[in-house]
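Here are my notes on this model. Please keep the structure open beside you as you read.

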Amino acid sequence: MASMRIAIAGGGMVGLMLARLLRMRGFEPMVFERMKGGAFIPRGYMLGYHGYPPFEELGILHQIRESGWDIAPREDGSTVAIAVNVGTVLELLARDLPVEYEHSVVDLVRDDTDRVVGVVVEGPDGRREVAADLVVACDGMHSPVREMAGLEAHFDPIPDGTLTWMASGAKGSHSFAMSYFADGGHIGTLSWPGGAAGWRSIDKVGAEAALAPGVDALKAMWAELLPESAEGVSHVTSIEQFRYNEPQLLTCPKWWIPGLLLIGDSAHFFGPETGASSGIGLGDAQALAEAVRQNPENPDAVCASFEAWRVPAVRPLEHMDPSRERIRSHGSMQPKPNERWPPA
């Protein structure tokens, strides 16, 4: 059995993927997830082609594709993305995988040289210290582990707010559709067997003002501005199915310090137009698992190899994110009257 002790902070999609790929290579990582087993945030999910290779390696991409709808299928039978219930993907990844649910990493253990050599984990039975040769932060955009490590994070607010909806049991007519507004904003919809979701950019007005027009007005607006969403949004029955958010972009100048590495949303987060955040995070997991296989006794070499492989894949996307152009051009154009929300 391989000897490197690896602690994964976060048992979401990227953390679970990393754990599975490491186990395939003979390692026994420890996964700590703060939520209960099987719990997740319901949301529309699009698996982009960036994330296909790790699922292919696990041998389950075909199951995901069979459970979802292809987006932009090609003549050769391939597809650029798959619309699927996010719960289906998480269930496949978590099946029979050892995870310590309801456990959070609350502190880092360091040696006399300031190297990270373990974590302090808190769960229902209290706190304990866990030794690790490598700690991997997969705990999201606002990563507590990244903050504990002292790694710098740059947050760039997108000038728009975002309205989203999701309807379980819906029968949408389009796996994916998106349209742009006159001011450069956008509206979109996503459907999969048994569900549909939608999103659009709006002015930053706060949740109360964004939802004040009510369910019927929101549904009518979506159906008018994006007819492909009409079938899916017709299944929305409650204002609680709508969410308002003010998204940000995340970049981190450094992804690692001795003994600790950031991957996935802990290291980078893209704007809603890219559809790439999840796929790039899954690619991070596959690259890291292979770096560990090639350097089973040297965590620093693991991190250096990971960085060398992923910088060319991630940094250009960070720089070219459409939301960065939106930040630069915001205010130079105005939406059409019927595109503005909430209505004037």
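1. Start with a term. A nonpolar core is a set of buried Ala, Val, Leu, Ile, Met, Phe, Trp, Tyr and Cys residues joined through side-chain atoms within 4.5 Å. Buried means under 20% relative accessible area, exposed means over 50%, and partly exposed is in between (1.4 Å probe, protein chains only).

2. Know what you are looking at. This is a predicted model, where local features need pLDDT of at least 70, side-chain atom pairs count only at pLDDT 80 or more, and totals for chains, interfaces and linings use all residues. Residues are numbered from 1 along each chain as its sequence is written, and side-chain values use heavy atoms, with hydrogens and water left out.

3. Now the core itself. The largest nonpolar core holds 74 residues. Inside it, F55, L260 and L288 have the most contacts. Take F55 and skip its neighbours within four places in sequence: the residue is in contact (heavy atoms within 4.5 Å) with M17, L47, I60, L61, I64, V89, L93 and L282. There is also a second, separate core, of 21 residues. Among them are L163, A167, A177 and A210.

4. Next, the cysteines. A disulfide is a pair of cysteine sulfur atoms within 2.5 Å. How many disulfides does this rule give? The count is 0. C252 is in no disulfide, as the nearest cysteine sulfur, in C138, is 13 Å away. C252 is also buried, because its relative accessibility is 1%.

5. Between W341 and P342 the bond is cis, with omega near 0 degrees. P342 lies in the segment after α11 (322-329). For such labels, helices (H or I, at least four residues) and strands (E, at least two) are DSSP runs, numbered from the N terminus.

6. One is A72, at about 50 degrees. A72 sits in strand β4 (residues 69-73). Its relative accessibility is 44%, so A72 is partly exposed. The other is D96, at about 60 degrees. Where is D96 placed? D96 belongs to the loop between α4 (86-94) and β6 (100-101). D96 is exposed, because its relative accessible area is 74%.
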